Amino acid sequence: METEKKNKPFKILALDGGGIKGLYTAALLSRLEEKAGKKAGDCFDLIAGTSTGGLIALGLAAEKPSKDLVNLYEQFGKSIFPTSNYKLIRWFQSQIFHFSKQTFLFGKYSAQNLKKALVDEFGEKELGQLSNLVVIPSFNLVNGMPRVFKYPHKEGDFFRDKHIPIVDAALATSAAPTYLPIHKYDNVLYVDGGVWANNPSLCAVAEAIQYFVGEDKEYSHIEILSIPCVTTPSGWVSKSRKRRSFIGWTDKLFQTSMDGQSYFTDYFLKNTIKLIAANSVYERIKAPSLSPAQMKVIQMDRADKKAIETLKALGDQDGFELANNRAIMNFFKTDISYIIK
(Lines give C-alpha, C1' and ligand atoms only; values in the text may rest on other atoms or scores of the structure.)
Protein backbone atom coordinates (compact mmCIF):
# COMPACT_ATOMS: atom_id res chain seq x y z
CA MET A 1 0.00 0.00 0.00
CA GLU A 2 2.86 2.38 0.83
CA THR A 3 4.53 1.67 -2.54
CA GLU A 4 1.25 2.44 -4.30
CA LYS A 5 0.98 5.76 -2.42
CA LYS A 6 4.50 6.77 -3.51
CA ASN A 7 3.38 6.68 -7.14
CA LYS A 8 -0.11 8.10 -6.94
CA PRO A 9 -0.29 11.41 -8.83
CA PHE A 10 -2.89 14.09 -8.23
CA LYS A 11 -3.57 15.32 -11.77
CA ILE A 12 -4.48 18.93 -12.46
CA LEU A 13 -5.58 20.70 -15.64
CA ALA A 14 -5.24 24.50 -15.44
CA LEU A 15 -6.72 26.86 -18.05
CA ASP A 16 -5.87 30.56 -18.43
CA GLY A 17 -8.29 33.41 -19.01
CA GLY A 18 -8.43 35.44 -22.21
CA GLY A 19 -11.95 36.16 -23.48
CA ILE A 20 -12.86 34.80 -26.90
CA LYS A 21 -9.32 33.40 -27.13
CA GLY A 22 -10.60 30.53 -25.02
CA LEU A 23 -11.69 29.03 -28.36
CA TYR A 24 -8.02 28.22 -28.95
CA THR A 25 -7.88 26.31 -25.65
CA ALA A 26 -11.09 24.37 -26.34
CA ALA A 27 -9.97 23.46 -29.87
CA LEU A 28 -6.54 22.31 -28.65
CA LEU A 29 -8.12 20.14 -25.94
CA SER A 30 -10.57 18.70 -28.45
CA ARG A 31 -7.68 17.37 -30.56
CA LEU A 32 -5.93 15.90 -27.51
CA GLU A 33 -9.19 14.19 -26.50
CA GLU A 34 -9.57 12.86 -30.03
CA LYS A 35 -6.10 11.29 -29.91
CA ALA A 36 -6.58 9.90 -26.38
CA GLY A 37 -10.08 8.60 -27.01
CA LYS A 38 -11.09 10.10 -23.66
CA LYS A 39 -12.67 13.29 -22.37
CA ALA A 40 -10.34 15.54 -20.38
CA GLY A 41 -12.72 15.35 -17.44
CA ASP A 42 -12.02 11.60 -17.24
CA CYS A 43 -8.27 12.17 -16.94
CA PHE A 44 -7.79 14.94 -14.35
CA ASP A 45 -8.65 14.91 -10.66
CA LEU A 46 -8.97 18.70 -10.47
CA ILE A 47 -9.71 21.23 -13.21
CA ALA A 48 -8.88 24.88 -12.60
CA GLY A 49 -9.90 27.74 -14.85
CA THR A 50 -10.09 31.51 -14.78
CA SER A 51 -12.50 33.67 -16.79
CA THR A 52 -12.95 31.99 -20.19
CA GLY A 53 -10.78 29.16 -18.83
CA GLY A 54 -13.26 28.87 -15.97
CA LEU A 55 -16.10 28.38 -18.44
CA ILE A 56 -14.16 25.57 -20.10
CA ALA A 57 -13.20 24.04 -16.74
CA LEU A 58 -16.83 23.98 -15.61
CA GLY A 59 -17.88 22.44 -18.93
CA LEU A 60 -15.28 19.67 -18.67
CA ALA A 61 -16.24 19.00 -15.04
CA ALA A 62 -19.87 18.74 -16.18
CA GLU A 63 -18.77 15.80 -18.37
CA LYS A 64 -18.84 17.70 -21.66
CA PRO A 65 -16.36 16.86 -24.42
CA SER A 66 -14.19 19.76 -25.53
CA LYS A 67 -15.73 19.73 -29.02
CA ASP A 68 -19.04 20.82 -27.45
CA LEU A 69 -17.23 23.80 -25.92
CA VAL A 70 -15.68 24.65 -29.29
CA ASN A 71 -19.22 24.75 -30.67
CA LEU A 72 -20.25 27.03 -27.80
CA TYR A 73 -17.62 29.62 -28.75
CA GLU A 74 -18.47 29.36 -32.44
CA GLN A 75 -22.19 29.64 -31.85
CA PHE A 76 -22.29 32.37 -29.21
CA GLY A 77 -18.95 34.21 -29.52
CA LYS A 78 -20.22 36.89 -31.85
CA SER A 79 -23.34 37.59 -29.77
CA ILE A 80 -21.28 37.89 -26.56
CA PHE A 81 -18.67 40.15 -28.21
CA PRO A 82 -20.55 41.81 -31.11
CA THR A 83 -18.06 42.23 -33.95
CA SER A 84 -18.87 42.97 -37.57
CA ASN A 85 -17.29 40.98 -40.38
CA TYR A 86 -16.92 44.25 -42.31
CA LYS A 87 -13.78 46.28 -41.67
CA LEU A 88 -15.32 49.77 -41.70
CA ILE A 89 -18.19 48.82 -39.39
CA ARG A 90 -15.78 46.92 -37.13
CA TRP A 91 -13.58 50.02 -36.86
CA PHE A 92 -16.59 52.12 -35.84
CA GLN A 93 -17.65 49.50 -33.27
CA SER A 94 -14.18 49.26 -31.74
CA GLN A 95 -12.92 52.84 -31.92
CA ILE A 96 -16.14 54.79 -31.37
CA PHE A 97 -19.07 52.78 -30.00
CA HIS A 98 -17.43 50.24 -27.67
CA PHE A 99 -14.60 52.58 -26.73
CA SER A 100 -17.10 55.26 -25.64
CA LYS A 101 -19.14 52.75 -23.64
CA GLN A 102 -16.03 51.33 -21.95
CA THR A 103 -14.62 54.75 -21.09
CA PHE A 104 -17.63 56.90 -20.21
CA LEU A 105 -20.64 54.68 -19.57
CA PHE A 106 -21.03 51.15 -18.21
CA GLY A 107 -18.56 48.83 -19.93
CA LYS A 108 -18.19 47.46 -23.42
CA TYR A 109 -20.72 44.63 -23.34
CA SER A 110 -23.84 43.32 -21.67
CA ALA A 111 -23.67 39.92 -19.96
CA GLN A 112 -27.13 39.00 -21.25
CA ASN A 113 -25.96 36.93 -24.22
CA LEU A 114 -23.21 35.25 -22.19
CA LYS A 115 -25.77 34.27 -19.57
CA LYS A 116 -28.09 32.90 -22.25
CA ALA A 117 -25.27 30.78 -23.66
CA LEU A 118 -24.40 29.46 -20.20
CA VAL A 119 -28.01 28.65 -19.33
CA ASP A 120 -28.37 26.78 -22.63
CA GLU A 121 -25.24 24.81 -21.81
CA PHE A 122 -25.64 24.13 -18.07
CA GLY A 123 -29.28 24.75 -17.23
CA GLU A 124 -29.83 24.79 -13.46
CA LYS A 125 -26.96 22.44 -12.63
CA GLU A 126 -25.03 23.31 -9.45
CA LEU A 127 -21.36 23.07 -8.44
CA GLY A 128 -22.17 20.17 -6.15
CA GLN A 129 -23.33 18.15 -9.17
CA LEU A 130 -20.01 18.31 -11.03
CA SER A 131 -17.97 15.18 -11.72
CA ASN A 132 -14.53 16.69 -11.01
CA LEU A 133 -12.96 18.85 -8.36
CA VAL A 134 -12.81 22.44 -9.61
CA VAL A 135 -11.01 25.65 -8.68
CA ILE A 136 -12.59 28.75 -10.26
CA PRO A 137 -10.99 32.08 -9.21
CA SER A 138 -13.03 35.28 -8.95
CA PHE A 139 -12.72 38.44 -6.82
CA ASN A 140 -15.19 39.49 -4.12
CA LEU A 141 -15.63 43.27 -4.28
CA VAL A 142 -17.63 43.42 -1.04
CA ASN A 143 -14.84 42.17 1.23
CA GLY A 144 -12.02 43.09 -1.19
CA MET A 145 -10.61 39.56 -1.23
CA PRO A 146 -10.03 36.81 -3.79
CA ARG A 147 -12.84 34.26 -3.99
CA VAL A 148 -12.36 30.73 -5.29
CA PHE A 149 -15.41 28.68 -6.23
CA LYS A 150 -14.85 24.97 -5.53
CA TYR A 151 -16.49 21.62 -5.70
CA PRO A 152 -17.64 20.94 -2.08
CA HIS A 153 -15.17 18.13 -1.37
CA LYS A 154 -15.18 16.09 1.81
CA GLU A 155 -11.48 16.71 2.56
CA GLY A 156 -12.12 20.39 3.23
CA ASP A 157 -15.56 19.78 4.73
CA PHE A 158 -16.86 22.38 2.26
CA PHE A 159 -20.56 23.07 1.94
CA ARG A 160 -20.72 26.75 0.96
CA ASP A 161 -20.56 26.27 -2.82
CA LYS A 162 -22.61 23.09 -3.11
CA HIS A 163 -25.80 24.76 -4.36
CA ILE A 164 -24.27 27.63 -6.33
CA PRO A 165 -25.45 27.40 -9.95
CA ILE A 166 -22.68 26.74 -12.46
CA VAL A 167 -23.99 29.71 -14.44
CA ASP A 168 -23.34 32.08 -11.53
CA ALA A 169 -19.82 30.76 -10.91
CA ALA A 170 -19.09 31.18 -14.63
CA LEU A 171 -20.41 34.75 -14.69
CA ALA A 172 -18.45 35.61 -11.53
CA THR A 173 -15.12 34.42 -12.89
CA SER A 174 -15.57 36.10 -16.29
CA ALA A 175 -16.83 39.58 -15.31
CA ALA A 176 -13.81 41.38 -16.76
CA PRO A 177 -13.68 45.00 -15.52
CA THR A 178 -14.92 47.49 -18.16
CA TYR A 179 -15.70 44.61 -20.55
CA LEU A 180 -18.58 42.83 -18.79
CA PRO A 181 -20.68 44.00 -15.83
CA ILE A 182 -19.94 43.08 -12.24
CA HIS A 183 -21.81 39.88 -11.35
CA LYS A 184 -24.05 39.88 -8.29
CA TYR A 185 -24.90 36.62 -6.55
CA ASP A 186 -26.46 36.31 -3.09
CA ASN A 187 -25.84 40.04 -2.44
CA VAL A 188 -22.11 39.72 -3.16
CA LEU A 189 -20.41 41.48 -6.09
CA TYR A 190 -17.82 39.59 -8.16
CA VAL A 191 -15.36 40.46 -10.92
CA ASP A 192 -13.09 38.43 -13.16
CA GLY A 193 -10.56 36.15 -11.47
CA GLY A 194 -8.01 37.42 -13.99
CA VAL A 195 -7.38 40.45 -11.78
CA TRP A 196 -5.32 38.19 -9.52
CA ALA A 197 -5.12 34.66 -10.99
CA ASN A 198 -5.32 34.69 -14.77
CA ASN A 199 -3.15 31.57 -14.77
CA PRO A 200 -4.90 29.49 -12.07
CA SER A 201 -2.14 26.88 -11.79
CA LEU A 202 -0.87 28.17 -8.46
CA CYS A 203 -4.40 28.22 -7.02
CA ALA A 204 -4.80 24.59 -8.04
CA VAL A 205 -1.46 23.59 -6.53
CA ALA A 206 -2.34 25.33 -3.26
CA GLU A 207 -5.62 23.39 -3.14
CA ALA A 208 -3.79 20.14 -3.86
CA ILE A 209 -1.12 20.44 -1.16
CA GLN A 210 -3.61 21.68 1.44
CA TYR A 211 -6.05 18.79 1.04
CA PHE A 212 -4.81 15.99 -1.21
CA VAL A 213 -1.02 15.71 -1.65
CA GLY A 214 1.57 15.07 1.02
CA GLU A 215 2.98 12.71 3.58
CA ASP A 216 -0.24 12.14 5.49
CA LYS A 217 -2.57 12.43 2.50
CA GLU A 218 -3.84 10.14 -0.23
CA TYR A 219 -1.64 11.36 -3.10
CA SER A 220 2.15 11.31 -3.38
CA HIS A 221 2.79 14.08 -5.92
CA ILE A 222 1.28 16.55 -8.40
CA GLU A 223 1.12 16.36 -12.18
CA ILE A 224 -0.14 19.60 -13.71
CA LEU A 225 -0.87 20.51 -17.34
CA SER A 226 -1.24 24.27 -17.82
CA ILE A 227 -2.73 25.69 -21.02
CA PRO A 228 -2.52 29.40 -21.93
CA CYS A 229 -4.81 31.29 -24.24
CA VAL A 230 -3.24 32.78 -27.34
CA THR A 231 -1.03 35.61 -26.10
CA THR A 232 -0.49 38.71 -28.19
CA PRO A 233 2.72 40.72 -27.66
CA SER A 234 1.99 43.56 -25.24
CA GLY A 235 5.33 45.36 -25.01
CA TRP A 236 5.45 49.14 -25.37
CA VAL A 237 7.95 51.23 -27.29
CA SER A 238 10.39 53.06 -25.04
CA LYS A 239 9.16 56.51 -26.08
CA SER A 240 5.54 55.84 -25.11
CA ARG A 241 3.71 58.68 -23.38
CA LYS A 242 4.29 58.34 -19.63
CA ARG A 243 1.44 60.38 -18.17
CA ARG A 244 -1.83 58.62 -18.94
CA SER A 245 -5.45 58.91 -17.87
CA PHE A 246 -7.77 55.92 -17.92
CA ILE A 247 -8.49 56.71 -21.58
CA GLY A 248 -4.77 56.50 -22.27
CA TRP A 249 -4.56 53.07 -20.67
CA THR A 250 -7.89 51.52 -21.80
CA ASP A 251 -7.43 47.78 -22.52
CA LYS A 252 -3.75 47.82 -21.51
CA LEU A 253 -4.67 48.42 -17.87
CA PHE A 254 -6.36 45.02 -17.44
CA GLN A 255 -4.08 43.17 -19.86
CA THR A 256 -0.89 44.22 -18.07
CA SER A 257 -1.97 42.67 -14.75
CA MET A 258 -3.12 39.48 -16.50
CA ASP A 259 0.16 39.06 -18.35
CA GLY A 260 2.28 39.77 -15.28
CA GLN A 261 0.44 37.30 -13.07
CA SER A 262 0.51 34.56 -15.71
CA TYR A 263 4.25 34.98 -16.19
CA PHE A 264 5.03 34.93 -12.47
CA THR A 265 2.91 31.83 -11.83
CA ASP A 266 4.65 29.98 -14.63
CA TYR A 267 8.10 31.05 -13.40
CA PHE A 268 7.31 30.16 -9.78
CA LEU A 269 6.00 26.67 -10.52
CA LYS A 270 8.84 25.80 -12.89
CA ASN A 271 11.26 26.51 -10.06
CA THR A 272 9.36 25.04 -7.10
CA ILE A 273 7.20 22.12 -8.28
CA LYS A 274 9.92 19.57 -7.42
CA LEU A 275 10.00 20.86 -3.85
CA ILE A 276 6.49 19.51 -3.33
CA ALA A 277 7.66 16.04 -4.31
CA ALA A 278 10.63 14.96 -6.40
CA ASN A 279 8.46 13.26 -9.01
CA SER A 280 5.99 16.13 -9.40
CA VAL A 281 5.48 17.39 -12.96
CA TYR A 282 4.59 20.82 -14.34
CA GLU A 283 3.98 21.15 -18.08
CA ARG A 284 3.06 24.54 -19.50
CA ILE A 285 2.08 24.45 -23.16
CA LYS A 286 3.78 27.17 -25.17
CA ALA A 287 1.38 29.68 -26.68
CA PRO A 288 1.60 29.89 -30.47
CA SER A 289 3.84 32.46 -32.11
CA LEU A 290 1.66 34.84 -34.08
CA SER A 291 2.43 36.42 -37.43
CA PRO A 292 1.87 40.19 -37.82
CA ALA A 293 -1.34 39.43 -39.75
CA GLN A 294 -2.62 37.19 -36.94
CA MET A 295 -1.81 39.83 -34.31
CA LYS A 296 -4.17 42.24 -36.07
CA VAL A 297 -7.01 39.70 -35.97
CA ILE A 298 -6.70 38.18 -32.48
CA GLN A 299 -7.95 40.21 -29.52
CA MET A 300 -9.65 39.32 -26.27
CA ASP A 301 -13.05 40.51 -27.55
CA ARG A 302 -12.87 40.32 -31.34
CA ALA A 303 -15.30 37.64 -32.52
CA ASP A 304 -15.88 38.20 -36.23
CA LYS A 305 -15.65 35.28 -38.67
CA LYS A 306 -11.97 35.83 -39.42
CA ALA A 307 -11.00 35.90 -35.74
CA ILE A 308 -13.06 32.83 -34.86
CA GLU A 309 -11.67 30.79 -37.75
CA THR A 310 -8.09 31.86 -36.95
CA LEU A 311 -8.36 30.94 -33.26
CA LYS A 312 -9.87 27.54 -34.06
CA ALA A 313 -7.23 26.84 -36.71
CA LEU A 314 -4.43 27.68 -34.25
CA GLY A 315 -5.94 25.44 -31.59
CA ASP A 316 -6.46 22.57 -34.04
CA GLN A 317 -2.89 22.85 -35.34
CA ASP A 318 -1.29 22.95 -31.88
CA GLY A 319 -3.58 20.16 -30.72
CA PHE A 320 -2.55 17.89 -33.60
CA GLU A 321 1.14 18.56 -32.92
CA LEU A 322 0.86 18.07 -29.16
CA ALA A 323 -1.03 14.81 -29.71
CA ASN A 324 2.37 13.39 -30.73
CA ASN A 325 4.10 14.78 -27.63
CA ARG A 326 4.58 11.97 -25.14
CA ALA A 327 4.89 14.28 -22.12
CA ILE A 328 1.52 15.89 -22.91
CA MET A 329 -0.31 12.68 -23.80
CA ASN A 330 0.89 11.03 -20.58
CA PHE A 331 -1.69 13.20 -18.81
CA PHE A 332 -4.43 11.44 -20.77
CA LYS A 333 -3.18 7.87 -20.29
CA THR A 334 -4.67 7.16 -16.89
CA ASP A 335 -8.15 7.84 -15.58
CA ILE A 336 -8.72 9.97 -12.50
CA SER A 337 -8.39 8.26 -9.16
CA TYR A 338 -10.25 10.85 -7.05
CA ILE A 339 -13.84 9.71 -6.80
CA ILE A 340 -16.55 12.32 -6.35
CA LYS A 341 -18.90 11.28 -3.56
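The chain folds into 14 helices and eight strands. Keep in mind that this is a predicted model. Of its 341 residues, 54% count as buried. Looking at contacts between residues at least 6 apart in sequence, 78% join residues at least 24 apart.

**Helix H6 and helix H3**

- Helix H3 covers residues 52–61 and helix H6 covers residues 112–122; the two pack at about 15°, with axes 11 Å apart.
- That angle makes H3 roughly parallel to H6, since angles under 35 degrees count as roughly parallel.
- The H3–H6 crossing is right-handed.
- On the H3 side the contact uses Leu 55, Leu 58 and Gly 59, and on the H6 side Leu 114, Leu 118 and Phe 122.
- Sorted by class, the residues in this H3–H6 contact come out as five nonpolar, one polar and no charged.

**Helix H6 and helix H4**

- Helix H4 takes in residues 66–80, and its axis comes within 9 Å of the H6 axis, crossing at roughly 155°.
- So H4 runs roughly antiparallel to H6, because the cut-off for that label is an angle over 145 degrees.
- This crossing, H4 with H6, is right-handed.
- H4 brings Asp 68, Leu 69, Leu 72, Phe 76, Ser 79 and Ile 80 to the contact, where they meet Asn 113, Leu 114, Lys 116, Ala 117, Asp 120 and Glu 121 of H6.
- The class count for H4 with H6 is six nonpolar, two polar and four charged residues.

**Helix H6 and helix H7**

- H6 and H7 pack at an angle of about 145°, and their axes are 9 Å apart.
- The crossing of H6 with H7 is right-handed.
- From H6, the residues involved are Leu 114, Lys 115, Leu 118, Val 119 and Phe 122; from H7, they are Ile 166, Val 167, Ala 170 and Leu 171.
- By class, that gives eight nonpolar residues, no polar ones and one charged.
- Leu 114 of H6 turns up in the contact with H3, in the contact with H4 and in the contact with H7.
- Leu 118 and Phe 122 of H6 take part in the contact with H3 and also in the one with H7.

**How enclosed is H7?**

- Eight of the eight residues of H7 are buried, so this helix is largely enclosed by the rest of the structure.
- The buried residues are Ile 166, Val 167, Asp 168, Ala 169, Ala 170, Leu 171, Ala 172 and Thr 173.

**Two aspartates with positive phi**

- Asp 157 has phi near 55°, a positive value in a residue other than glycine.
- Asp 157 sits in the loop between strand E4 (145–150) and helix H7 (166–173), and it is exposed, with a relative accessible area of 64%.
- Asp 186 also has a positive phi in a non-glycine residue, near 55°.
- You'll find Asp 186 in the loop joining strand E5 (183–185) and strand E6 (188–192); it is exposed, at 63% relative accessible area.

**Residues linked across the sequence**

- Pro 9 belongs to strand E1, residues 9–15.
- Pro 9 and Ser 337 are 328 residues apart in sequence, yet their C-alpha atoms are 8.7 Å apart in space.
- Leaving out residues up to four places away in sequence, Pro 9 touches Asp 45, Tyr 219, Ser 220, His 221, Glu 223 and Ser 337.
- Ala 313 is in helix H13, residues 305–322, and counts as partly exposed at 44% relative accessibility.
- Ala 313 and Ala 27 are 286 residues apart along the chain, with 8.1 Å between their C-alpha atoms.
- Ser 30 lies in helix H2, residues 22–36, and is buried, with a relative accessible area of 14%.
- Setting aside residues up to four places away in sequence, Ser 30 touches Ser 66, Lys 67 and Val 70.

- In the model, the end C-alpha atoms of residues 17–22 lie 7 Å apart, and the span is 17% helix and 0% strand.

Technical notes:
Residues are numbered from 1 along each chain as its sequence is written. This is a predicted model: local features need pLDDT of at least 70, side-chain atom pairs count only at pLDDT 80 or more; totals for chains, interfaces and linings use all residues. Side-chain values use heavy atoms; hydrogens and water are left out. Axes are lines fitted to C-alpha atoms, for helices over the stretch in contact, and angles run from 0 to 180 degrees between N-to-C directions. Helices (H or I, at least four residues) and strands (E, at least two) are DSSP runs, numbered from the N terminus. Angles under 35 degrees count as roughly parallel, over 145 as roughly antiparallel, 65 to 115 as roughly perpendicular and the rest as oblique. A crossing is left-handed if the near helix is turned anticlockwise from the far one by less than a right angle, and right-handed if clockwise. Contact means heavy atoms within 4.5 Å. Ala, Val, Leu, Ile, Met, Phe, Trp, Tyr, Cys and Pro count as nonpolar, Asp, Glu, Lys and Arg as charged, and the others, Gly among them, as polar. Buried means under 20% relative accessible area, exposed over 50%, partly exposed in between (1.4 Å probe, protein chains only).
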